[in-house]
Amino acid sequence: ERGFLSFEGAVAPAAIFLKYFLDKTKPNININDFIINSIMYWNRQIKKVIDNKLIEKLKMQNTINIFKGDYTNTASYDLESKIIESGIFNCIIHEKKNFSHGRFVNFENLNNKISIYFKQKFTSKYEEELLKYLGDNCVLIESNYDGLLAEFDLLIASQFIIYYIGKILDVDVSKPKYTEE
């Protein structure tokens, strides 16, 4: 529970809506198997990418860029809210398709180059170029699915990202420290 701040508030309701969607559009997909497989997959994957080296870089700059769009909004906003509410880092959310002008200037000049980029399976040419531009400090979290399946799958990934960040920092992100004020 130390990292799964919104299982009841985000994952469980999303699972109910996903079940309804799958029952109507893809009855051959078993929602229970999909959720279990997603949890097992992201636990392994995120454990590999959220490591001490990444956390040390984040501590030095204290800001994470999070990229959203194309069925990744739920995961992006979920992760951003957990990071902000826990008080461990700052976040800037960028819309992939509107990453231009001032955002390039911000990215290049303000030393906040660590990015988490949520992505569905499909990759547009624009997205390929943006990922090249973002470079090696971009943690790519790519679903094996497109559309609403990717949206839910990446929501599960966001749970593990905050869990492993909290674990490495030895912070219970479900219990933010508030001052008396």
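This report describes the sheet and the helix packing of a predicted model.

Four strands form an open sheet in the order 2-1-3-4, and their pairing is parallel. Its edges are strand 2, residues 90-95, and strand 4, residues 138-142, each of which pairs on one side only. From one strand to the next, the twist averages 20 degrees.

Strands of a sheet pair through backbone hydrogen bonds, in either a parallel or an antiparallel manner. Strand 3, residues 115-119, runs parallel to strand 4 and is joined to strand 4 by five bridges. Ser115 has Cys138 in strand 4 as its bridge partner. Phe118 stands opposite Ile141 of strand 4.

Between strand 3 and strand 4 the chain passes through helix 6, residues 125-134. This β-α-β crossover is right-handed.

Helix 5, residues 102-109, packs on the sheet and touches strand 1 (63-68), strand 2 and strand 3. The direction of helix 5 makes about 145 degrees with that of strand 2.

## Helix 1 against helix 7

Two packed helices are described by the angle between their axes and by the distance between the axes. For helix 1 (residues 7-25) and helix 7 (residues 147-169), the angle is about 160 degrees and the axes are 11 Å apart. Angles over 145 degrees count as roughly antiparallel, and helix 1 and helix 7 are therefore roughly antiparallel to each other. Their crossing is left-handed.

On the side of helix 1, the contact involves Ala10, Val11, Ala14, Ala15, Leu18, Phe21 and Leu22. These residues meet Leu148, Leu149, Phe152, Leu155, Ile156 and Gln159 in helix 7. The residues of this contact of helix 1 with helix 7 comprise twelve nonpolar, one polar and no charged.

## Helix 2 against helix 7

Helix 7 also packs with helix 2, residues 31-49: the two axes come within 9 Å and cross at roughly 45 degrees. Helix 2 and helix 7 are therefore oblique to each other. The crossing of helix 2 and helix 7 is right-handed.

Helix 2 contributes Phe34, Ile35, Ser38, Ile39, Trp42, Asn43, Ile46 and Lys47 to the contact. From helix 7 come Leu149, Phe152, Asp153, Leu154, Ile156, Ala157, Phe160, Ile161 and Tyr164. The residues of the contact of helix 2 with helix 7 divide into 13 nonpolar, two polar and two charged.

Note on methods: Residues are numbered from 1 along each chain as its sequence is written. This is a predicted model: local features need pLDDT of at least 70, side-chain atom pairs count only at pLDDT 80 or more; totals for chains, interfaces and linings use all residues. Side-chain values use heavy atoms; hydrogens and water are left out. Two strands pair if DSSP finds at least two bridges between them. Helices (H or I, at least four residues) and strands (E, at least two) are DSSP runs, numbered from the N terminus. Axes are lines fitted to C-alpha atoms, for helices over the stretch in contact, and angles run from 0 to 180 degrees between N-to-C directions. Contact means heavy atoms within 4.5 Å. Angles under 35 degrees count as roughly parallel, over 145 as roughly antiparallel, 65 to 115 as roughly perpendicular and the rest as oblique. A crossing is left-handed if the near helix is turned anticlockwise from the far one by less than a right angle, and right-handed if clockwise. Ala, Val, Leu, Ile, Met, Phe, Trp, Tyr, Cys and Pro count as nonpolar, Asp, Glu, Lys and Arg as charged, and the others, Gly among them, as polar. A crossover is right-handed if, with the strands pointing away from the viewer, the path from the first strand over the helix to the second runs clockwise.
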